[in-house]
Amino acid sequence: MKLKNIMLVVNDIDKSVEFYRKVFGLHVIMDFGANKTLTGGLALQTNETYKEFIGTNDITFGGNNFEIYFEEDDFDKFADKLKDCDIEYVHPVKEHSWGQRVVRFYDPDKHIIEVGENIKVVCKRFLNSGMTPEQVAERMDVPIKFINACIR
């Protein structure tokens, strides 16, 4: 058994494809009309067909109960790119206690998307600031073994 894809139910599949293309550079690799698989393992399914699949009209959007998570090596560049996109923020860029910068926003159907700074990049950022590996491990609340792996 292995996980193949994450599937989101969407109201306007073409609008969603365009959103994920513009914001993340994803593109369609399989097009079944009412279902499209994008690069990275994300699949989109039309709302109407999904209602048929599950046998109910009770589908809601914007529940704020899960998110899709992406990591970005060049976080500053991505955060700047978002300024040119028509998005609704859950929150602007913030830094978590372990030092990772993240931003959360909604896709066109109010699914939450989180984009976080690649955690190895966070480690290297701290090391490049002059912190010792031990200080970085303490700051990030990770084992020194993780820090040493990031250095290699």
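Okay, housekeeping. This is a predicted model, so to speak of local features we need pLDDT of at least 70, side-chain atom pairs count only at pLDDT 80 or more, and totals for chains, interfaces and linings use all residues. Residues are numbered from 1 along each chain as its sequence is written, and side-chain values use heavy atoms, with hydrogens and water left out.

Let's start with charges. Side chains of opposite charge can pair when their charged atoms come close. I'm calling something a salt bridge when a side-chain nitrogen of Lys or Arg sits within 4 Å of a carboxyl oxygen of Asp or Glu. Count them that way and you get 11 salt bridges.

Take a local one. Lysine 51 bridges to glutamate 48, with 3.4 Å between the closest N and O atoms. Both are in helix α2, residues 47-54, and they're three residues apart, about one turn of the helix. Helices here are DSSP runs of H or I with at least four residues, strands are runs of E with at least two, and both are numbered from the N terminus. So which partner is buried? It's lysine 51, at 17% relative accessible area, while glutamate 48 is exposed at 51%. Buried means under 20%, exposed over 50%, partly exposed in between, using a 1.4 Å probe and protein chains only.

Next pair: glutamate 88 and lysine 110, 3.1 Å from N to O. Glutamate 88 is in strand β6 (88-95) and lysine 110 is in the loop between β7 (101-106) and β8 (112-117), so this bridge ties together parts 22 residues apart in sequence. Glutamate 88 is partly exposed at 42%, and lysine 110 is partly exposed too, at 31%.

Then there's glutamate 117 with arginine 101, a salt bridge at 3.1 Å, N to O. Glutamate 117 is in β8 and arginine 101 in β7, so the pair links parts 16 residues apart in sequence. Both residues are buried. They also belong to a salt-bridge network with Asp76 and Arg125.

What's the strand order? It's an open, four-stranded sheet running β5-β8-β7-β6, with mixed pairing; strands pair if DSSP finds at least two bridges between them. β5 (67-72) and β6 are at the edges with a single partner strand each, so one side of each has no neighbour in the sheet. β5 and β8 pair in the parallel sense over six bridges, and tyrosine 69 stands opposite glutamate 114 in β8.

That's it from me.
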